[in-house]
Amino acid sequence: ANGMCLEKLIQERLHIPTRLVLRAQDNPKWFRAREQVQLAFPSTRSWSFRYANGAEFNQARSQQKQWLLGIKQTVGALQYPTPNETIINDQWLTLLESQTSDCSNMQCLNDMLKLLNMTWHRSDRPMYGPRVETEATTSRTTPPNKTSDNEENVSSDVPFFSIPHVYADAFVSDDCLDILYDDLRAFFYLDENICYERPDPTETVLHLRNFLTEMPRRGLVLGYEELEPSQMAQKLFCGGSNFSIDAGLYQRNNNVSHSTQPHLAIVSRFDTHVRDYARALNDSGWQVRHIQQKKQRKGVHEGNADFCFLASAETEIVGLRISSYFQFAGILGNASLVRMYSVDSPQTRARHLNYYTYPFKHPELQRRFRFENVESVETAQS
């Protein structure tokens, strides 16, 4: 998605014709993810995921780096737009090499565009491969021709890469999301065949990522922390922060029939601790059900089915901000409110993940997305 953002910015602001190509990882987890993505999103089925995996791209990256270093050593600095404004140093040399999560805010993107615009029009720009004089390349998506379904096959065209080119390996930043929101929703449409169960129209959906089940030691060090069950019930679902929660508290406190309790569905990749969350949320006035789709329909992957469930919610979905899975379901889905929370704890503070907010400009993002920052038990007691 970040590559799509760069493509849009380069074409609209610099008027440089741009195409995006993909570079795949080589591990079993990635191959499983590719299969699920192509099942979920028909628009990705013609992509060549390994177009930039060959020696040609490695050679182009090496040639670009040496070229930029040569400019720096010869000229001392590249200036833009006036000789008094120096915009290249050792850090700048990496701007075209890797647009990561550390360099995906708008200031960094603007710096990258300046550097690309300067270098693209230099008379000593290397020409690499056919047609590079008319196209800029970044790593993400569709090559000239569709490849076969065999992942080992690549396009029949000889891969070609422009110099300069931009290498993007980050998920979409909020700066880019503001720009790309409508494009993402139009491009990544769901194949209904991946869906099984759907939420009730008035049902809130909670996504438990369960990072610490997947990576109990490393996850905590990285700050991949979720609220504990009692905290979740008290601070996210009993704070009167929206109408459905207010209604749930009113119904519980006024002995309204159990059948009229607000409904909440839990989806999680792992079953661990789900019962603890369900019990705590039941005690706080919610009627809870755990969505388990693993054996309900042959041929439907539970990860895709859960994604469809989240994306199909109509009222609100709640989940951890650092989960890209949850964020993407919020972006592509129908929920009127997407509540993305961060946990403030010693571990998340060490990784700068304890607090987050962003002033979206897109009116639909302003209306739908809400960032919430919640103290952990350790932080509250300190």
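**Exercise 1. Give the share of contacts made by residues 24 or more positions apart in the protein chain, among contacts with a separation of 6 or more.**

Solution. Residues 24 or more positions apart make up 73% of the contacts in the protein chain with a separation of 6 or more. Contact means heavy atoms within 4.5 Å.

The model is predicted: local features need pLDDT of at least 70, side-chain atom pairs count only at pLDDT 80 or more, and totals for chains, interfaces and linings use all residues. Residues are numbered from 1 along each chain as its sequence is written, and side-chain values use heavy atoms, with hydrogens and water left out.

**Exercise 2. State how many helices and strands the protein chain has, and what percentage of its residues count as buried.**

Solution. Step 1: the protein chain has 15 helices and eight strands. Helices (H or I, at least four residues) and strands (E, at least two) are DSSP runs, numbered from the N terminus. Step 2: 51% of the 382 residues of the protein chain count as buried. Buried means under 20% relative accessible area, exposed over 50%, and partly exposed in between (1.4 Å probe, protein chains only).

**Exercise 3. Work out the strand order of the open sheet of six strands and find its edge strands.**

Solution. Step 1: the order is β5-β4-β3-β6-β7-β8, with parallel pairing. Two strands pair if DSSP finds at least two bridges between them. Step 2: β5 (287-290) and β8 (369-375) are the edge strands, each pairing on one side only. Step 3: on average, neighbouring strands of this sheet are turned by 25° against each other, direction ignored. Axes are lines fitted to C-alpha atoms, for helices over the stretch in contact, and angles run from 0 to 180 degrees between N-to-C directions.

Step 4: β4 (residues 263-268) and β5 run parallel and are joined by four bridges. Leucine 264 stands opposite valine 288 in β5. Helix α10 (residues 274-283) packs on the sheet and touches β3, β4 and β5, its direction making about 165° with that of β4.

Step 5: another helix, α8 (residues 229-236), lies across β3 (204-208), β6 (316-320), β7 (337-344) and β8, and runs at about 125° to β8.

**Exercise 4. Describe the burial of β7 and its pairing with β6 and β8.**

Solution. Step 1: eight of the eight residues of β7 are buried. Step 2: Leu337, Arg339, Tyr341 and Val343 point one way, Val338, Met340, Ser342 and Asp344 the other way. In a regular strand the side chains alternate between the two faces of the sheet. Step 3: five bridges join β6 to β7, which run parallel, and glutamate 316 stands opposite leucine 337 in β7. The chain crosses from β6 through α12 to β7 in a right-handed β-α-β crossover; with the strands pointing away from the viewer, right-handed means that the path from the first strand over the helix to the second runs clockwise. Step 4: β7 and β8 pair in the parallel sense over seven bridges, and serine 342 has asparagine 373 in β8 as its bridge partner.

**Exercise 5. Classify the aromatic pair of phenylalanine 307 and tyrosine 325.**

Solution. Step 1: rings of Phe, Tyr and Trp (its six-membered ring) pair if their centres lie within 6.5 Å; planes under 30 degrees apart count as stacked, over 60 as edge-to-face and the rest as tilted. Step 2: the ring centres of phenylalanine 307 and tyrosine 325 are 5.5 Å apart and the planes stand at 80°, so the pair is edge-to-face. Step 3: phenylalanine 307 is in helix α11 (residues 302-312) and tyrosine 325 in helix α12 (residues 324-332), 18 residues apart. Step 4: phenylalanine 307 counts as buried at 6% relative accessibility, whereas tyrosine 325 is partly exposed at 28%.

**Exercise 6. Identify what lies around the ring of tyrosine 356.**

Solution. Step 1: tyrosine 356 forms an edge-to-face pair with phenylalanine 371, 5.1 Å centre to centre and 75° between the planes. Step 2: the charged end of arginine 321 sits over the ring of tyrosine 356, 4.0 Å from its centre. For this, NZ of Lys or CZ of Arg must be within 6 Å of the ring centre and within 35 degrees of the ring normal.

**Exercise 7. Decide whether histidine 15 and asparagine 210 are buried or exposed.**

Solution. Step 1: histidine 15, in the loop between α1 (2-14) and β1 (18-21), counts as exposed at 64% relative accessibility. Step 2: asparagine 210, in the loop between β3 and α6 (211-214), is buried at 7%. Step 3: histidine 15 has a positive phi of about 60° although it is not a glycine, and asparagine 210 also has a positive phi of about 60°.
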